[in-house]
Amino acid sequence: MTEVTLNGVVKRYGKHEAVHGVDLKIHDGEFMVLVGPSGCGKSTTLRMIAGLEDISDGEISIGSRVVNDLPPRERNISMVFQNYALYPHMTVRENLGFTLRIAKQPEAEIETAVKKAAGILGLDELMERRPSELSGGERQRVAMGRAIVRRPDVFLFDEPLSNLDAKLRTQMRVEIKKLHQRVGNTIIYVTHDQVEAMTLADRIVLMRDGHIVQVGTPLELFNNPFNTFSATFIGSPPMNLIDGVVTDADTIVLRNSLTVPIPAAACGQVVSGQLVQFGFRADNLMPVGHAVEETGKLVDLELSVSLTEPLGTETLLFADFAGQEVQAKMLNPRPVKPGETIAFHLMLDKCHVFDAANGKALRD
Amino acid sequence: MNRSQTHRSRRRILKALHLLGLFLIMALICIPGLWIVLNSFRPTVEILAKPPVWTPTFTLEHYRAMFGGAGEGGVPVFHYFSNSLIVSVASTVIAIFIGMGGGYAFARYRFRFKNGYFVGLMLFRAVPGVALSLPLFIVFAQVGLIDTHIGLILVYVAMNVPFTIWLTDGFFRQIPKEFHEAAEIDGCTRWQAFWKVEFPVARSGVASAAIFAFLTSWNEFALASQLTRSVGSKTMPVGLLDFTAEFTINWGGMCALAVLMIIPALVLTFIVQKHLIAGLTFGGVKG
C-alpha cells in the first residue's frame, strides 16, 4: 500500500514562498496529475516528494513513512525527467541496470530485471546503443524502463513528454497509460498540458501560484470548475466567459443589454446587482437543429459568425456574443461564410456563473 | 548564368584567401618549433651562418654531446627529465583534485560570497608569477623548501588551481543537474553520483584541464630557476641554462634539450586528444 500524503507542505527560497501549504492525499495505485501554468509550484512539489528539494515546512509521507529527512535513494521512488537524464556514457543496458548495480544485486537478477523491463517497453533492439544514438521517443522509453527496473513504490514524472513532437507525444501518452495499467503503481505526474492531464489522470490537481486550486477527476474539473481559472485552464477550447450583472433573481444582463436567465444551479447563490461572469463551453453553444441531445432549458440566440476552424468531425465557430468573441461548436459541419448569422441554442443547464470579484463559481 | 559564374569565382577566391590566412597564422605558430627541431640536427657553424645555409647538413652531434660526459658539453638530462616529470605529474594530480572539487562546488552549490571568491581566484591568476618569486624565495628559504621537489610542486599547485577550478566549473556547469538527481534517485549517494555519473561525463573537461596544468608546470621557467639549485631538483627548462656559458651560448645543445622537452608534451596531448572531443553530454538529455 503506497499512499503519498502531503501535509501543509511549504517551499521557501529565501523570503520568496513558492509553494504555500499544500495538502494532498494520493491513494495507492492512483494516477495523479499535477497541472498548472509554469511557475505554479507543481514541479517544486514533485521535487519535494522526490527529495530533490528540501521541505521548508510541513510533512510528506510515502506509505507509512515520513520522508522529510530521507535522501532520495531511501524513498524508493523512480523519476522520469523532462530531459530524460539518461547517463550518456552508458549503453541502454547499463542505464537500465544502473540502479540495481548500485544496490549490489546479483548480476543474474539484474539481467532478468533489465530484460523484463526492456520487454515491456520494446527496447530489446536498442540494448547496446548509447543515448546519443536514440531518437527522442526511444530515449523516453529508456527513461521509463530505467524507472520500472527499480520496482519503486511511486513513479514520479516531471513533464516527460514536453520534448517530443506532437505525434510522438500522443503515442507516448498511450504508452504511459498502458504502463500504469500494467504495473499498477502510484504515479505522480507533472505537466503544463491540460490535454495530458485530462487523458492520463485518475485525479487532477490544478495548481496556480503555489496554491492548489482544485482537486478532482478530469470530468469533475471539466464539468464543475471551482473558479474561472479552472474553467479556462481545463478543457479545449477554454470556457467562454462574459461579464454581466445580476438584475433580479433570475436574469443576468450581459454587455449590449443582452439578457440570459440564470442557470438553475446558480439561482440560490446570486444577489441582485452582483457583478458576475457568465460561462459556457463551446460544446454547449451549438447551431439549432443539430443532431445532438439538446436537453434541458435552451436559450435561442442569433449570432454572427466571424471565423471558422474546421477540425474534421467538428467545426469551431467564432461568433460575436454580446460584443465579445465566443467559441461555439458545430457537429456535422457545413460550410459557413464569415459574417453569416446563424441561430444557436445555448444549453442553459450546462452554463456557469462566477463571481466577478473573486472568480469563484456560484453554485448550490 | 553569367552572374552565377562570377559568384562562383568570387567564392573560390574567398576560399583561397581563407586558406592562405590560415596558412600564415599556422606558420607563425609552427615555425619557431620547427626551427628548434631543425637546429638541433645542424652543426653549430650552420646555425650561426650568415647568410643562412639553405641546404642543411644532418648531424646528431648535439645529442651525442648532451648525453655525453660533463666535460664534453653533457648535461644530466635524465635527472632533469625525471625532476620535471615528478614535479609536473604530482602538481597536476593535486591541482586537478583540488580544482575539480572547487569547480564542482562553484558549478553546483550556492554559498555566500560565491562571486567574490571566484573573482578573487581569477585575480590571483593575474598576478605575474615572477612578482612572487622574491617573497616565495624568502619563505621557502626559511622553511627549507628551496631546491626540493615539494617546494616546486607546492608553487605549481598554487599556480594551477585557479585555472583548473575555472575550467572544470565551466564543464560541470554544462552537465545538467538532472544527471546527479537521477543517480541519487537510482540509489546513489551524492558522492557516488559524482564519481559514477558526473565525473565520467565531465571526463573530457577534466582531461583538458589536466593537460593545461601539466604543460604549465612542465614549461615553467621563471620560478623554477629561482627555487631550484642542484641536479636533484632542476627541471628541464632550468636545465636549458646549462648551455649558456659566460661568453657563448650552445644553441645546438639547447635546441636538442628543447626537443626532448617538447616530445613528452606532444605525446601527452596526442593521447589525451581523444578525450578532448567534447559532446559526450549530448544525447543524454533533450531530443
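**Exercise 1. Find the strands that pair with E11 of chain A, and name a residue pair in each case.**

Step 1. Start with strand E12 (residues 251–254) of chain A: E11(A) pairs with this strand in the antiparallel sense over four bridges. Strands here are DSSP runs marked E of at least two residues, helices are runs marked H or I of at least four residues, and both are numbered from the N terminus. Two strands pair if DSSP finds at least two bridges between them.

Step 2. Look across from A:Val246, and you will find A:Ile252 in E12(A).

Step 3. Now turn to strand E14 (residues 275–280) of chain A, which is joined to E11 (residues 240–248) by six bridges, again antiparallel. Here A:Gly244 has A:Val276 of E14(A) as its bridge partner.

A word on the ground rules: this is a predicted model, in which local features need pLDDT of at least 70 and side-chain atom pairs count only at pLDDT 80 or more, while totals for chains, interfaces and linings use all residues. Residues are numbered from 1 along each chain as its sequence is written, chains are lettered from A and ligands numbered from 1 in the order in which they are written, and side-chain values use heavy atoms, with hydrogens and water left out.

**Exercise 2. Trace the partners of strand E1 of chain A.**

Step 1. Strand E1 (residues 4–13) of chain A runs antiparallel to strand E4 (residues 57–62) of chain A, and five bridges join them. On the other pairing, seven bridges join E1(A) to strand E2 (residues 16–26) of chain A, also antiparallel.

Step 2. Which residues face A:Val4? In E4(A) the residue opposite A:Val4 is A:Ile62, and in E2(A) its bridge partner is A:Ile26.

Step 3. Follow the chain from E1(A) into E2(A): the hairpin has two residues between the strands, and A:Gly14 takes a positive phi near 65° there.

**Exercise 3. Count the disulfides and check two cysteines.**

Step 1. A disulfide is a pair of cysteine sulfur atoms within 2.5 Å. Over all chains, the structure holds zero disulfides.

Step 2. A:Cys351 is in no disulfide, and the nearest cysteine sulfur, that of A:Cys267, is 12 Å away.

Step 3. Are A:Cys351 and B:Cys188 buried or exposed? Buried means under 20% relative accessible area, exposed over 50%, and partly exposed in between (1.4 Å probe, protein chains only). A:Cys351 is buried at 6% relative accessibility, and B:Cys188 is buried at 1%.

**Exercise 4. Classify two aromatic pairs of chain B.**

Step 1. Rings of Phe, Tyr and Trp (its six-membered ring) pair if their centres lie within 6.5 Å; planes under 30 degrees apart count as stacked, over 60 as edge-to-face and the rest as tilted. The structure holds 25 such pairs over all chains.

Step 2. The ring centres of B:Phe67 and B:Phe78 are 5.6 Å apart with planes at 40°, so the pair is tilted. B:Phe67 lies in helix H3 (residues 61–67) and B:Phe78 in helix H4 (residues 77–108). B:Phe67 is partly exposed at 41%, whereas B:Phe78 is exposed at 63%.

Step 3. B:Trp191 and B:Trp195 form an edge-to-face pair, 5.9 Å centre to centre and 75° between the planes. Both lie in helix H9 (residues 190–219) of chain B, four residues apart, about one turn of the helix. B:Trp191 is exposed at 62%, and B:Trp195 is partly exposed at 30%.
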